[in-house]
Amino acid sequence: MTDILTRPFPELVQRVEREGIVQGNEILKIDHFLNHRIEPSFMQRMAREIATRLRPFKPELILTAEASGIAPGLMVALELDIPMVYAKKYHPEVETPMLSRLIPSPTKGGEVRMVVSQRYIQTGQRIAIVDDFLSNGRTALALIEIAREAGCELVAAAFLVEKCFKRGHELVEEAGVPLITLAQVEKLEDGKAHLKQS
């Protein structure tokens with residue numbers, strides 16, 4: 001089952017390798033097609049693949065994080081015909097009672113608070129996390145904790161791109177959550193992204 005969940009999605013792998021901008025050996029920028037400028041038809045194809053892999057887990061709600069998780073999360077929710085809730089990070093004012101976590105923000109410096117109104121997550125719901133990147137796993141772990149604090153069952157966590165050389169994969173697995181990824185970056189070296197091919 002694990003091989004099916006993390007099987008590379010060739011179109012995404014090729015685009016990351018061909019178009020990804022690598023800064024140092026840590027940062028991969030694919031904003032021009034994934035999370036700043038978005039190509040709807042490409043996002044739909046990736047969402048359809050994630051939805052196919054998620055369907056056996058029977059999720060009832062997609063949970064993601066503002067802002068770059070919204071596009072893939074919404075498209076997967078559309079494919080599965082279920083609602084989506086996103087954790088607010090920027091000026092996070094939501095209805096009480098609320099669930100929140102502080103997460104370190106390497107890009108912004110300091111910490112960012114993620115908040116979800118408990119009104120939109122029902123106890124006992126089967127929740128799947130969908131996000132664009134899995135790197136250090138802090139956002140994923142915060143979403144897992146929020147879902148569990150709400151009394152929900154976390155059935156899976158799905159990401160378009162995973163940085164295998166970071167701790168995110170390990171943290172999600174340690175939390176006992178099945179992991180779905182479409183592209184696995186094995187290393188960033190000499191200005192190139194090296195991805196798992198099969």
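Leaving aside neighbours within four places in sequence, arginine 53 is in contact (heavy atoms within 4.5 Å) with Ile4, Leu5, Thr6, Arg7, Pro8, Ile180, Thr181 and Leu182. This arginine lies in helix α3, and at 4% relative accessibility arginine 53 counts as buried, a word that here means under 20% relative accessible area, with exposed meaning over 50% and partly exposed lying in between (1.4 Å probe, protein chains only). The model is a predicted one, in which local features need pLDDT of at least 70 and side-chain atom pairs count only at pLDDT 80 or more, while totals for chains, interfaces and linings use all residues. Residues are numbered from 1 along each chain as its sequence is written, and side-chain values use heavy atoms, with hydrogens and water left out.

**The sheet**

- Helices (H or I, at least four residues) and strands (E, at least two) are DSSP runs, numbered from the N terminus.
- An open sheet of 6 strands has the order β4-β3-β7-β8-β9-β10 with mixed pairing, where two strands pair if DSSP finds at least two bridges between them.
- β4 (84-87) and β10 stand at the edges with a single partner strand each, so one side of each is left without a neighbour in the sheet.
- From one strand to the next the twist averages 30°.
- Strands of a sheet pair through backbone hydrogen bonds, either parallel or antiparallel.

**Strand pairs**

- β7 and β8 pair in the parallel sense over 8 bridges, and aspartate 131 stands opposite phenylalanine 159 in β8.
- β8 and β9 also run parallel, joined by 6 bridges, and the bridge partner of alanine 158 is isoleucine 180 in β9.
- β9 and β10, by contrast, run antiparallel and are joined by 4 bridges, with lysine 192 in β10 as the bridge partner of glutamate 189.
- The hairpin of β9 and β10 has 2 residues between the strands, and in this hairpin aspartate 190 takes a positive phi near 55°.
- β9 is mostly covered, since 8 of its 11 residues are buried.

**Helices across the sheet**

- α3 lies across β3 (61-65), β7, β8 and β9 and runs at about 120° to β9; axes are lines fitted to C-alpha atoms, for helices over the stretch in contact, and angles run from 0 to 180 degrees between N-to-C directions.
- α4 lies across β3, β4, β7 and β8, and runs at about 175° to β3.
- The buried residues of α4 are Ala71, Pro72, Gly73, Met75, Val76, Ala77 and Leu80, and these buried residues pack against α3, β3, β4, β7 and β8.
- Aspartate 81, which follows α4, has a positive phi near 55°.

**Nonpolar cores**

- A nonpolar core is a set of buried Ala, Val, Leu, Ile, Met, Phe, Trp, Tyr and Cys residues joined through side-chain atoms within 4.5 Å.
- Of the 40 residues in the largest nonpolar core, Leu12 and Leu54 touch the most other members.
- At least two residues of this core are supplied by each of α2 (10-19), α3 (40-54), α4 (70-80), β7 (126-134), β8 (153-163), β9 (179-189) and β10 (192-195), and the largest share, 7 residues, comes from α3.
- Leaving aside neighbours within four places in sequence, leucine 54 is in contact with Pro59, Ile62, Val76, Leu80, Ala128, Val130, Ala156 and Ile180.
- Apart from this core lies another, of 29 residues, among them Met114, Ile144, Ile146 and Val177.
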